[in-house]
Amino acid sequence: MFGRPESDDHPGVVALPPLIFAGFLVAGILLTWALPAFLPSAYTTWMLALGGFFVAAAVVLAIGGILAFTKAGTNIEPTKPALVLVFDGPYRFTRNPMYSGLILMLVGISLLFSIDYALVLAMPFAAVLHYGVVLREEAYLTAKFGEPYQNYLTQTRRWI
């Protein structure tokens, strides 16, 4: 049937995380355009440095997560089945490096380009990822992989 996944072997996330990110970024841009600003003008030294740091950290986390999934031979897209558990790369110290990277990316872009309300929306964005993606993935992976995943849950932080 059109628009339905081929199988039920997936976590049932509310939307693809990059699309959620894009929606929050666009909403932040529109609100910044429509409402009074509170951040200093773009391109101040501290905003460039801090924003650049967050963007760089986001890229490192996201690429590390993608490479770990690729090396393990599992699907990156949360609409497809998980084939194996991944414990390598950034997954050694956080269960959600790609999602943490998206949050850091939103904060970094907000600071780099003085997008005031995208910065305000970073916490609601993190909440949507947490409740609409991460918790669903955790329930799915627990049901699919059982004890090995439950052990991972107790040994590794959810966020950075």
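T156 lies in the segment after helix 6. The model is predicted, and every value below is computed from it. With a relative accessible area of 9%, T156 falls under the 20% limit and therefore counts as buried. Which residues does T156 touch, once its neighbours within four places in sequence are left aside? T156 is in contact with Y91, R92, F93, T94 and R95.

A34, in contrast, is exposed, at 52% relative accessibility. A34 is found in helix 1. Between A34 and V84 there are 50 residues in sequence, and their C-alpha atoms are 46 Å apart in space.

**The chain as a whole**

The chain holds 6 helices and 0 strands. Read from the N terminus, the order of elements is α-α-α-α-α-α. The C-alpha trace spans about 50 × 35 × 25 Å along its principal axes. The chain has 160 residues, of which 42% count as buried. Among contacts in the chain with a separation of 6 or more, 77% are between residues 24 or more positions apart.

**Two helix pairs**

Two packed helices are described by the angle between their axes and the distance between the axes.

| Helix pair | Axis angle | Axis distance |
|---|---|---|
| Helix 3 and helix 5 | roughly 170 degrees | within 10 Å |
| Helix 5 and helix 6 | about 135 degrees | 6 Å |

Helix 3 covers residues 97-112 and helix 5 covers residues 122-145. How do the axes of helix 3 and helix 5 run, roughly parallel or roughly antiparallel? Their crossing angle of roughly 170 degrees is over 145 degrees, so helix 3 is roughly antiparallel to helix 5. On the helix 3 side the contact is made by Y99, L102, I103, L106 and V107. Helix 5 contributes A122, F125, A126, L129, V133, V134 and E137 to the contact with helix 3. By class, this contact of helix 3 with helix 5 has 11 nonpolar, no polar and 1 charged residues.

Helix 5 also packs against helix 6, at an angle of about 135 degrees. That angle makes helix 5 oblique to helix 6. E138, L141, T142 and F145 of helix 5 meet E147, P148, Y149, Q150 and L153 of helix 6. The classes in the contact of helix 5 with helix 6 are 5 nonpolar, 2 polar and 2 charged residues.

**The largest pocket**

Rolling a probe the size of a water molecule over the atoms shows where empty space is left. The largest pocket has a volume of about 700 Å³. Its lining consists of 38 residues, and the closest to the pocket centre are F69, I76, M98, Y99 and E137. Y99 and E137 also take part in the contact between helix 3 and helix 5.

Which helices each supply at least two residues of the lining? They are helix 1 (17-34), helix 2 (45-72), helix 3, helix 5 and helix 6 (147-155). Helix 3 gives the most to the lining, with 6 residues. Sorted by class, the lining of the largest pocket has 29 nonpolar, 4 polar and 5 charged residues.

Methods:
Residues are numbered from 1 along each chain as its sequence is written. This is a predicted model: local features need pLDDT of at least 70, side-chain atom pairs count only at pLDDT 80 or more; totals for chains, interfaces and linings use all residues. Side-chain values use heavy atoms; hydrogens and water are left out. Axes are lines fitted to C-alpha atoms, for helices over the stretch in contact, and angles run from 0 to 180 degrees between N-to-C directions. Helices (H or I, at least four residues) and strands (E, at least two) are DSSP runs, numbered from the N terminus. Angles under 35 degrees count as roughly parallel, over 145 as roughly antiparallel, 65 to 115 as roughly perpendicular and the rest as oblique. Contact means heavy atoms within 4.5 Å. Ala, Val, Leu, Ile, Met, Phe, Trp, Tyr, Cys and Pro count as nonpolar, Asp, Glu, Lys and Arg as charged, and the others, Gly among them, as polar. On a 1 Å grid over the protein atoms alone, a cavity is a set of points where a 1.4 Å probe fits but cannot get out, and a pocket is an open set with protein on both sides within 12 Å along at least five of seven lines; lining residues have an atom within 4 Å of a point. Grid points are joined across faces, edges and corners, and a volume is the space filled by probe spheres set on the points. Buried means under 20% relative accessible area, exposed over 50%, partly exposed in between (1.4 Å probe, protein chains only).
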